[in-house]
Amino acid sequence: VACLAGKATALAAFGGYLRAELLLSVGVFFILLGGFLLVGQNYALLLALGLAILDFIPIIGSGTVMVPWAVVALFTRDFSTAVYLMVIWGVVAMFRRVAEPRFVGGLSPILSLVGIYVGMKVAGVAGMILGPILILVVLNLVGLGIFQGFWMDVTAAARDITAILSQRPERK
C-alpha cells in the first residue's frame, strides 16, 4: 500500500511539473507570437509554436534558435532583425525568470547540469531532457516528505549498528 501511495505521489509531482512547464510554454508562445506579429515576421504563428515547443524542453529554450538567428542577422547586416530578435528573446527570458519559480519551484543551475550530464551518460539525448525533470521530481518528493519514513528507518538502523559495534566484550 505504501508503494502505491509513493507511486501516486511521484506521478502527482511529475504531473504538476509538466503542468507548470506547459503553462510557462503557453506564456512564451504568446510572447513570441505577439513579438513576431508586432514586427511583421513571416510565419509568426508557426515560428512561435516551434520556439514554444523548444522552450518546453529543459535547458534548451527558445534562445537556442533566436540567438544564433540574431548573430546571423548581424553578419548579414540586418541590424533591425537582430535587435528585435534579441528584444523578444529578452522578454521571454525575463518572463521565464520571473514566472518559473512561481510555477515550478526552479532547479539550481548545478543540479540542472548534473541532471543533463548523468542523463546523457545513462540514456543519451532522451536522458538529457529527462535528467533535470527526474531531479526536480525527486526534490519535490523529498519536499513532500515521502522519504521521511525511510530516512528515519535508516538513521535508527545506523544508531543500532553503532550501539552494537561500540559495546565492549566482557572480561572474564
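Guide: Tryptophan 69 counts as partly exposed because its relative accessibility is 24%; buried means under 20% relative accessible area, exposed over 50%, and partly exposed in between, with a 1.4 Å probe and protein chains only. This is a predicted model, in which local features need pLDDT of at least 70, side-chain atom pairs count only at pLDDT 80 or more, and totals for chains, interfaces and linings use all residues. Residues are numbered from 1 along each chain as its sequence is written, and side-chain values use heavy atoms, with hydrogens and water left out.

Phenylalanine 36 has a relative accessible area of 0% and is therefore buried. Across the whole structure, the search finds 2 aromatic pairs; rings of Phe, Tyr and Trp (its six-membered ring) pair if their centres lie within 6.5 Å, with planes under 30 degrees apart counted as stacked, over 60 as edge-to-face and the rest as tilted. Phenylalanine 29 counts as buried, at 15% relative accessibility, whereas phenylalanine 30 counts as exposed, at 53%. The ring centres of phenylalanine 36 and tryptophan 69 are 6.2 Å apart and their planes stand at 45°, so this pair is tilted. Phenylalanine 36 belongs to helix 1 (residues 2-39) and tryptophan 69 to helix 3 (residues 63-75), so the pair ties together parts 33 residues apart in sequence; helices (H or I, at least four residues) are DSSP runs, numbered from the N terminus.

Key: Helices (H or I, at least four residues) and strands (E, at least two) are DSSP runs, numbered from the N terminus.
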